[in-house]
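Q: Could you take me through this model feature by feature, giving the general idea before each case?

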Amino acid sequence: MTETPASLFPERSYLWQDGTLRSWLLTTDHKRIALLYLVTITVFFATGSIGAALIRLQLIEPGGMILSDETYSRMFTMHGIVMVWLFLVPSIPVTFGNFLVPLMLGARDLAFPRLNLLSWYLFVASGLLVLYGLFRGGLETGWTFYTPLSTDYTQGRVLPVVAGVFLSGFSSIATGVNIIVSIHQLRAPGMTWYRMPLMLWALYATSVIFVLATPVLSITLLLLAFEHIFRVGVFDPALGGDPLLFQHLFWFYSHPAVYIMILPGMGVVSEIVSTFCHKPIFGYRFVAWSSISIAAIGFLVWGHHMFVAGTSLYAAIVFSMLSFLVSVPSAIKVFNWLGTMHGGSIRLDAPMLYAMGFIGLFTVGGLTGLFLASLASDVHLTQTYFVVAHFHYIMVGGMVSAYFGGLHYWWPKITGRMYPEMWGRIAAALIFFGFNLTFFPQFILGYEGMPRRYATYPEQFQVLNVLSSAGASILAVAYVLPLVYFTWSLFKGARAPGNPWAATGLEWQTSSPPPTENFARTPEVTSGPYDYATLDRLNRTAAEEAPHV
Amino acid sequence: MSDAADPHGPYETLRHQEETTIAGMWLFLASESLLFGGLFLVSLIYAHTRANGWAAGVRHTDLVIGGVNTVILITSSAIYTLAVEAARQDHKRRAVQAAMTAAALGLVFLLLKAFEWSKEFKEHLFPGTHFAITGADAGGAQLFYSFYFLATFLHAVHMIVGTGLIAWICLRAGKVNPGKSWNTSVEIVGLYWSFVDLVWMILFPVLYLVGRT
Ligand SMILES: [Cu+2]
C-alpha cells in the first residue's frame, strides 16, 4: 500500500478512477452508490414536487382551478406516495448514510458492498413500478392505502404501486442491515461507541426501524395484494375483513417510519451545529441516546393515528400518553443544540442556516404534534389542514431542510468542489421563507375547520389558500436554485480542500473527494468526537511549520 | 497476504469478514421473523374472531402430509447441523454429503407440498367462487385458506432459496480452491435453514392442529 497522501492525486479520487458507465452501474463503492441514489431520489423529488405544484394551483380558487375531483385525489396520492416512499424514507440514509458511514467509522466500505448495490437496483425497480402505476392512471387512496379505499372504491392502479412499495421495503431493509452491521463491526481502532459522531447514532437508530418495522409493512401489503387479487376479506369490510386491522398494521410500520423520516435529519443537524459553532455538542450522550429512545418509543405509539377510528377509549388514552413521551427525547435534542449554540461564535454559512431552519421548524412541528397527541383537541383537528401543516413542518421543514443542509455541508467532500456560498445562503433563506408562507396558513385553515383531501373549499378560506399557493411558488424557485448552482459548481466551483469547514470527524481527514479506498492508512482514533482543541492545536502547529517547508 | 481479505473490501482479515457476515445473517433473520410475525398475528386474530370457520378450514387440511413433512424438515435441519460440524473440523467431503442429504430432504418436502396443493386445488379449497366449504362457516374457512396458501407459499419460497443456497455451497466445495470462507458459508446457510425449519414449526400447529378436534 502506498504511503503517499492521496490528496496529492485528486484525479485518483473515487469519482474519476474509472469513468465508464459500466463501472458506475456495477460499482460496489459506497461513495458511488450514494451518488447513484442521490441522482435517483432527486428525480423522485422532482416528480413529487410536480404533484404538489398542481395541488397548490388547484386550490387557488375555491371551486378548483384545473383538476377534476378525481384527478385531484390522484394527484395528492401521487404526491404523497412518491414523496414518502421514494424520497423521504430513503433520503438521508441512502445518500449521506451510504457515503459517510464508512468514512466516519474509518473503514474502507460498508460491511456488505454488493448488498448495497443490490439495494439500489431494488429501489430503482420499485420506483419504476410505482411510477408505472401512477402514470397508467394512478390511484386515489392517499399514501396510506386504507381499505376499503384501496379495495372497493378505487378505480385506479393499486397493484403495481403496492408492489413497488413492497419492493422498496427490501431495499430499506438491506440498507438498514448494512448500516447496523458496519457500525458494530467496522469501527476503526480506537473508535469506541461514545467517540462516534452523532450522525452515526442517528443512522443506527433509523436502521433499527428499517430492519424491524419494514417487514411488518411488507406482509401487510402482501395481504392487501392477496385480498385484491383473490377477493378474500382480510381487510375489506365488504368482504367481511377488518379495516381497522389494516390501520393497526400499517401504522405499526408507518409511525416508526415517521422517525425514519426525521432521525437522520437530527443526525445531520448535530454535525452541522457542532461544526459551525466550533464546539462539542452539549450533552453528547443525551443526544446519542435520545436517538435510540425515539426509535424505541416510536414502536409503541401507532394508535394515535386511530383516535377517531373507533378504537377503545382506554387504548386511546395509553397511546396518547406514550405519544407525549416521544416529545421528551425530541426536546432533549433541541435544548442540547441550543445549549451548543449558546455562547458560541456561530458562523452563518449555508449549512448552518439550514440547520437553524430545521431547529425552528421542527420545534413548531413537534409542538403542534402535541395538539394531535391529546385526545380532546385531536377530535377537532384530525382530518383538517392542521394535520397537513403539522407533518409538513416535520417532514419538509425538518427533514428536507436537514437534507439540503447536509447536501451543502458535505458537497465539498462528495464532489471536491465548493458551491457558491452567497447563492447557498440566498436559497436557504428563500426555502425558509417560502416554506413558512406555504404551511403556516394551513395551521389556521385547519384550526378553522378546512378538511384535507378535498378538491374544493368554501370561499371564506380563499385568502389563506392563496397565501399558501404563493408560498409554494417561492418554494419551487428556492428548490430549483441549488440544482442550478450545484451543477455549476461541478464544473466551475473552486477546488475544495480536505477540511473546508475546520470540522472534526474522520471524513474530513481524507482528501476531497476521497480516494476509492477512503483513507491512505486506516486512521487511529485517540480522542472523543468534536475534539476541536486537538484540531486547533494541530492546525497551529501546521501553520507554524509551514514557512520552513 | 495469505489470510487477508479482498484488499478493496472493508475487512482487514478473513476472520473479521466471516464474523461480520454471520452478524448480518442474524440481523436479516430478525427482520424475517417480523415478516412472518405479522402474518402469524393476523392469523391468530382471525383464528380467534372467526373460530368456527377457521376450525372448519383446519379440519380440511391433510394432517398426514403435514405431519410427514414436519418430520422430514426436522430431520433435514438436524442433518444439516452435521454438515456445519463437519465443516468446522475441515471434513469437507462429509460436510458436502450431509448438506446434500439435507437439501434432498428439502426437495422431498417441496414435492409433497406441491402434491398437497394440487389436491387442494382439485377439492376447490383455494379461496374463490367455487369454494368447497359452504354454509355459515364459508367466510371464515376462506380466510383460513387464504392464510394457509399465503403462508405455505411464502415458506416454500424460503425453502427454494435455502435449497438453492445449499446447492451453491456444494458446487463451491467441488472446485479445487473453494476459498477459505467456505466453512463460514456453510454456517450461515445453516442459520437460514434452521430459521425456515423454525417457521414451519409454528406454521404446522397453526394450520393443521389448532381447532382440529
Ligand atoms: Cu404517528
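A: Helices (H or I, at least four residues) and strands (E, at least two) are DSSP runs, numbered from the N terminus; by this reading, Tyr121(A) is placed in helix 5 (residues 113-135) of chain A. This is a predicted model, in which local features need pLDDT of at least 70, side-chain atom pairs count only at pLDDT 80 or more, and totals for chains, interfaces and linings use all residues. Residues are numbered from 1 along each chain as its sequence is written, chains are lettered from A and ligands numbered from 1 in the order in which they are written, and side-chain values use heavy atoms, with hydrogens and water left out.

Q: Which residues coordinate the copper ion?

A: Donors are N, O and S atoms within 2.8 Å of the metal (3.2 Å for Na, K and Ca), and sites may look incomplete because water is not among the atoms. Here His255(A) through ND1, and His304(A) and His305(A) through NE2, coordinate the copper ion at 1.7 to 2.0 Å, and the spacing of the donors along the chain is H-x48-H-H.

Q: Is His304(A) buried or exposed?

A: Buried means under 20% relative accessible area, exposed over 50%, and partly exposed in between (1.4 Å probe, protein chains only). His304(A) counts as buried because its relative accessibility is 17%, whereas His305(A), at 29%, is partly exposed. Tyr121(A) is also partly exposed, with a relative accessible area of 36%.

Q: What is the make-up of residues 95-115 of chain B?

A: That span is 100% helix and 0% strand, and its end C-alpha atoms lie 30 Å apart. Residues 25-47 of chain B are likewise 100% helix and 0% strand, with end C-alpha atoms 32 Å apart.
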